[in-house]
Amino acid sequence: MGKKQLRRMDLIFANDEDFRDILKQTLARPNEEIIEDMISSGLKGRGGAGFPTGLKWKLTAEEKAKNKYIICNADEGEPGTFKDREILTQVSYKVLAGMAVCAKITGAKEGFIYLRGEYKFLVPLLNQELDKFHSACSELGLKFNVKIFMGSGAYICGEESALMESMEGRRGEPRNKPPFPTVKGYRGCPTVINNVETLAHTFTIFKYGPRKFRDLGVQDSRGSKLFSVSGDTPTPGIYELELGMTVQDFVDDFGDGDTKAVQVGGASGFLVPRKRFKETAIGYQGKLTGISLPTGGSMMIYNSSRSMYNVLNNYLDFFQEESCGQCTPCRVGCQQLVKGVDAVKRGDKPTAYLDKLLKLTDTMKFTAKCGLGQSVANSFQSIVENFREEMIY
Amino acid sequence: MAKIINLTINGIAVSIEEDKTILEAAEKLNIKIPTLCYHKDLCVAGNCRVCVVEQVGSKKLLAACANPVHEGMEIETNSLIVRNSRKHIIELLLSEHNADCTKCYKNGNCELQELSSEYKITNSDFIDLVPSKNYQIDTLSPSLVKDDSKCIRCQRCVRTCSEIQHLSALSVAHKGDHMKISSFFDKPMNEVVCSNCGQCIIHCPTGALVERNYIEEVWDALADPDLHVVVQTAPAVRVGLGEEFDSYGSRVTGKMVSALKRLGFNSVLDTDFTADLTILEEGTELLTRLKKSIVGKENGVQLPMFTSCSPGWIKFIEHSFPEYLDNLSTCKSPQQMFGALAKTYYAQSRGIESDKIVSVSIMPCTAKKYEADRPEMRDSGYKDVDYVLTTRELAIMIKQAGIEFNNLDDEKFDKLMGNSSGAAVIFGSTGGVMEAALRTAYELVTGREVPFKNLEIIPVRGMKGIKEASVLIENPVDDWKFLDGVELKCAIAHGLENAHQLLTDIKAKKAEYHFVEVMACPGGCLGGGGQPIPTSPEIRAKRMKAIYDEDKDKPIRKSHENPEVAQLYEEFLGKPLGEKSHKLLHTHYTPRDRY
């Protein structure tokens, strides 16, 4: 096992004692230069959707508005990811530095950490870090205040617009887009919302320049990324790896020798079966082509003892419950999928019913209001198409 | 001026302002895109997804109601992927919906039914989710029935209740497969802040929210030879009822009277009669309050005085601003004045025993059902109004009776409580009570007609949410000398969201008035929750025009000139605010909880 080991990076969790100096230097640089660095670094959103971070900052900076906001999305709810928790525990100052620089560029005066309800235990620690951060800010002459906002445990509130709805005191339901948060976000004001890990990476770019980040990874998937490795593996945990590896390389390193499939990107991601390990890479390249998978970093490894029917059922149950329920394709679609696969398994529906459900997931992908409903198709299609017999027998 | 955007829809070029949606652009080309959660009265939700269209070059479909147009956009509204997706979505909605259409109250007037008929959803093999749902039907409200099994979660009611009515008696609860439209802790609708206005009913696309109907009870009464059934009709009914027979913006007063006679009502009378009576009582009350406040310098005289005709408004103020209950006019609504008189004055004059009289009212309103049920409304010794039917229920009865409404001849209301002025008719529109009151009060005080051409007090008319007007009183007659030089300040609000705003301003002392008219529904009673479905700003504007036309055509335009009202005071009541009036026509209300 693990004959061929992937290179472990140590950028995110490296303890940088020179944090204040880096922040000071960066804040002293012209906005355009920082944005240019961010864009040329190739950093894309690490929450899974992969929007270019520099561009997001640039768009928000260009908006004219009295109030702007910076939000750190720490709602980490995707099944199988647990990296943001660790970042906030160990190096939250890097995240805060990213927010501070973003605030300077955009002109935001207020920031929030939207913290997953289950991470309440982090609050005392984060408050200590925030005190230090705020004193650093005032020393450096930056008017920027960050508060913690507690989530309440809904998966959907990790979706950026639902997150903002919940912050505004309403039900966490995704909004119509456009307008996007860069134009109309929290309280209708231009808002940058970045994942915890994305913000942590910005610190690497501030410190070492865009080049070092860009040299990692492959075309269009630059830099390193944290992976939350779980499931049938002798070495579960959080690993910082370069983007662009194949699933085969990953399995060679982390699998238990009997790996049947890997779920890349959590419940909303894709299941990669053994026969596709070699041809599937991890990264943003050629988005959704099936050979390269974007990911929030959840890698769940299944060995041959696992029933793919149960795996799918578990995901669908999750979606059925965590859909906000507002849009038809997601709310009813998920229920139909749960009941549908069950009916096929029991023989109440013919096996061809699976094809009808596959078409339904297409409709969900094309018509659901937000990423949650749209991505149910990912796991459903990749599991049903690759393990059809397991759905039936 | 807004920038103009050019795009194509189904290959046809169209230009439209940049802030418009794909749906609006399609409308311009006479291309219909089906919708369910979309409603012109409400903010865009974009949650049903029925209106999805294809943007050439994009994999995802766009909700036409929620997506703004862009330069060069190529939209397809009927491509294969759009058709298949749309069909899927309708099938999904149906799988969660108790589709017992033939037994549904909304059969024939249901947007989901229409859509599934258009798309010929005949053989959907999705699993029926209804048996696993444990749906509830709430029948405890006297005004509405909420049947969750018919609900498609479009949230039109939720948006209506919060945006138009500022109540949020209905809101969304739970998530995922358990998501439902619920009240506070799922309490029955009669126990929550519901104003009973019925706006949720006229905005509901399906049978999930319907009026509590009393059609069978009324048929039973009509069939009983021992009973004398009198019916009163509210002013807004005559400009809405025609819509049920495909005629928009028409006045059908004569046909309505004729139909009611054919249905077998013993006497067909007019709520407008008691609307005139209300003006005399309420006008006198206002002047009395002004006198006490200005001359007597009495403390505890509550000004501004609020109108009390709209039972949705009454329930709202009981819940939301109970500290202002003393500002409400003590006058009962015209419906309840009518009811109290029907079983006293009318019974005596006609020589009928009160307990043999069944009093029915036809209202544009569902809150009137609740009002009639109030314990305060039994001053005649009986239930003053026995049954309240909405405009829609009347239309159902007319259809059941096989009456060809459009071919009816016009007939006149019966005598005794059937005569009315133009001032009474305009009660059906926002600003109407104010205008009627001013026509009478100004003349009582000054001896002259209100200084407006054709008695049309334009500042109080129209659809603006909150309207303000003031009338300067000069050279009053001797009795009212103390009002000389007083500028009578008035405000009018319609829709409880506007009422909420107005009261908030009054509370913050940002605005001071003497007299305030509030109607719970948008446009006033003409946009009431008992009116024909659908409703829209355009439909309400047509009804409003019809109301003011009716006023113009009336021989009597001022309430105090109604001879039957004069006769009533002479023969029965004595004088406005007299002892008998007090007993029969005035009442008080109760503070209520805020959930």
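A disulfide is a pair of cysteine sulfur atoms within 2.5 Å, and by this rule the count over all chains is 0. Start your tour with Cys189(A): the nearest cysteine sulfur, in Cys102(A), is 15 Å away, and Cys189(A) is in no disulfide. Cys189(A) is also buried, at a relative accessible area of 14% (buried means under 20%, exposed over 50%, partly exposed in between, with a 1.4 Å probe and protein chains only).

Before moving on, a word on the model: it is predicted, with local features needing pLDDT of at least 70 and side-chain atom pairs pLDDT 80 or more, while totals for chains, interfaces and linings use all residues. Residues are numbered from 1 along each chain as its sequence is written, chains are lettered from A in the order written, and side-chain values use heavy atoms, without hydrogens and water.

Next, select Cys154(B) and Cys157(B). Their sulfurs are 6.3 Å apart, too far for a bond. Cys154(B) is buried, with 6% relative accessible area.

Now colour chain B by domain, using bounds from an automatic or database assignment: domain 1 is 4-78, domain 2 is 126-210, domain 3 is 215-273 + 335-407, and domain 4 is 285-330 + 421-585. Zoom in on domains 2 and 3 of chain B, where 8 residues of domain 2 are in contact with 6 of domain 3 (heavy atoms within 4.5 Å). Highlight Pro142(B), Ser143(B) and Asn196(B): in domain 2 of chain B they lose the most area to domain 3, together 65% of what that side buries.

Conventions
Buried area = accessible area lost by both parts, 1.4 Å probe.
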